[in-house]
Amino acid sequence: MLKKFKPYVMLAPVMFIILGIFTMGLALGFFQSLGYFPAVGLKEFTLRYYKEVLTDIGFLDSLKFTLYTSFVSSTLALIIGVLLAYSIFQSKSRKGVLYTIYKLPVIVPHSIAALLVFNVLTQSGILARVLFYLGIISEQTQFPSLIFDQNGIGIIISYLWKGIPFIAMTVYTVLSNINDKLTDAALNLGANRRQVFWKILLPLLMPSILSSYIIIFAFSFGAFEIPYLLGPTSPKLLPVKAYIEYINPDLSHRPYSMVINMVLASYSLILVWFYSKTFKLFSKFDEIS
Amino acid sequence: MYKIELKNISKVFENKRVLKGINLIVNEGEMLSLLGPSGCGKTTTLKIIAGLFSPDCGDILFNGKSIVNIPVEKRGAVIVFQDYLLFPHMTVEENIAFGLKMAKIKKPKRRVKVREMIDLVKLDGCEKKYPSELSGGQKQRVAIARALAIEPKVLLLDEPFSNLDTRLRESMRIFVCDIQKKLGITTILVTHDKEEALLTSHRVAVILDGEIKQIGTPAEVYEKPSSPLVADFFGEKNYLEGEIIKGFFVCKMGKFKTGFDKYPRVMAMIRPEEIELTDSEEGSGFWGRILSKQYAGDKIYYKLSANDIQLKCMANSKNMFEANQRVWLKIDFEKTIFFKAEKS
């Protein structure tokens, strides 16, 4: 009997944090999004805030902008990361050096990455100065506005700076564990190098590619610091919008913030569901070596 | 059907000469075994024929035409690998169709060929299964079907049965031989298992330390090994040094009649199963003493001593002798293989 409960007892501390703090926080946020916030006198459950937020053009613009920056940055990071991993895998020399260099951005915090991108890409940044020094541009304004711009280029570049090495690292690890004799077998059956990549290696990498894509997509969708530091004034990305609503001195605005947070949480849940589905999809060919 | 010729093929890996001038001819429709211990260069030879490695020197001819500069994917020499190497993300039928797809064969034709291969390797009902859902024997059949589907010029089998259990290995061996006979495809089998080589091949090439030491029919290489090295590869042997004088083999044990007179100083090779043990003197032989006995069911392994020379003997378990017992060793020296003795 004691044996039966032992795992639960051992899991209790972490379960306390997950259920007690995380779930409680989520539940409180959910209640507040439904208008139940007794501390400021809101005691009735209502869908009014959902209706207002979900029909607000500003919110919809933010949602579109958030999905756009997440999608573009994650997709580009995926394509470049996979190609980078494959080229490192193929390179016979300097593999160790390359492997170390590309891992570096992974350990740098996002706020530092934002600062680096800011210093390099602003109109008075390092890149603009280098171009000016080389005589390619004659004044500051000739350098395109890449930071605080409505196309989110600064945000996307920051996410790429972090996302590409993450994808490359994940994919490279899986790639180096794939039995290289499979490549021999495919070549021997008439495939050329390109076909080996598309027909053998890429499908075998798919579980790790999809899961790392979902991770960076979910992260960029919910991340706050980079859009806060590098994003445009309008439209704001959803996490920034939720934060601004949250710090509004008028506490009756809190449910609006919580509705936005619930939208973010719902997207995350969908991604978690998709993540688990991905693994089920590929479980039949789990032996990669 | 293709004839394969290897001309003076050499290969060096990390300053080690793995192949030292291999010369080999495999006739059209023939099944030849490359037999040798691990690390002797037999798989390297196979990969060179397939185009996965390029030789440092030498040439490879298919029906008289050099193929050494033809890339692996266009060479038409397909390997069935030791560890099957089925593509884990493809079903059985997708695996079999892979080579056809690469050759841009149209879907309807592909389907017909895949069906034909599935019937050939008797894998009906497994078409939609993934490799992880198959047994070892089934995986091996898929690997064979996948190789045969593209109608290769040459089939190369790289220790294809070594991962299978004894019973399955036997049935797969018969299965592969039947297919080879049916299709008449020129085949090279790489193996370290002498029994497998002797049972399956038209000819056997014994490869030791990167060199082909002997090529012949299974009976030739077993019965008439060209050197003690080849002979030892087929199992433990006894060697007696002596001289040939007027048709007689004279050694420490005595003087024995033999039809051999090629070299004056010789080494007689006596297989353990060629020594007959009796408790009384009969025929040509000599006395010895049993040192030890190992019982192995249908046979018994003895270690004997005769004139301070240790000999190994394998006898059936009808007449059992005990350790320290005096026995008569009866040997027919007229059937013995003699090698030229090394200069001492």
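How many residues does the contact take from chain A and from chain B? The contact takes 19 residues from chain A and 19 residues from chain B. Keep in mind that this is a predicted model.

Start on the chain A side. Two elements give two or more residues to the side that touches chain B: helix H8 (181–188) and helix H9 (193–222) of chain A. H8(A) gives the most, with six residues. Now sort the chain A side by class. Ten residues are nonpolar, four are polar and five are charged.

Next, turn to chain B. Its domain assignment gives domain 1 (4–229) and domain 2 (238–340). The centres of these two domains of chain B, taken over C-alpha atoms, are separated by 40 Å. Where the domains touch, four residues of domain 1 of chain B are in contact with four residues of domain 2 of chain B. On the domain 1 side, two of these residues are nonpolar, one is polar and one is charged.

Take helix H4 (residues 107–120) and helix H5 (residues 136–149) of chain B. Their axes come within 9 Å and cross at roughly 140°. An angle over 145 degrees would count as roughly antiparallel. The angle here makes H4(B) oblique to H5(B). The crossing of H4(B) past H5(B) is right-handed.

Which residues meet there? From H4(B) come B:Lys113, B:Val114, B:Met117, B:Ile118 and B:Leu120. From H5(B) come B:Ala145, B:Leu148 and B:Ala149. By class, this contact of H4(B) with H5(B) has seven nonpolar residues, no polar ones and one charged residue.

H5(B) has another partner. It packs with helix H6 (residues 166–183) of chain B at an angle of about 20°, and the axes are 11 Å apart. Why are H5(B) and H6(B) called roughly parallel to each other? Angles under 35 degrees count as roughly parallel. H5(B) and H6(B) pack at about 20°, so they are roughly parallel to each other. H5(B) passes H6(B) in a right-handed crossing.

Find the residues that make this contact. H5(B) supplies B:Gly136, B:Gly137, B:Gln140 and B:Ile144. H6(B) supplies B:Leu168, B:Met172 and B:Val176. By class, the contact of H5(B) with H6(B) has four nonpolar, three polar and no charged residues.

How values were computed:
Residues numbered from 1 in each chain as written. Chains lettered and ligands numbered in written order. Predicted model: local features only at pLDDT ≥ 70, side-chain atom pairs only at ≥ 80, totals over all residues. Axes fitted to C-alpha atoms, helices over the stretch in contact; angles between N-to-C directions. Helix = DSSP H or I, 4+ residues; strand = E, 2+ residues; numbered from the N terminus. Parallel < 35°, antiparallel > 145°, perpendicular 65-115°, else oblique. Left-handed = near helix turned anticlockwise from the far one by under 90°. Contact = placed C-beta atoms within 7 Å. Nonpolar A, V, L, I, M, F, W, Y, C, P; charged D, E, K, R; others polar. Domains from an automatic or database assignment.
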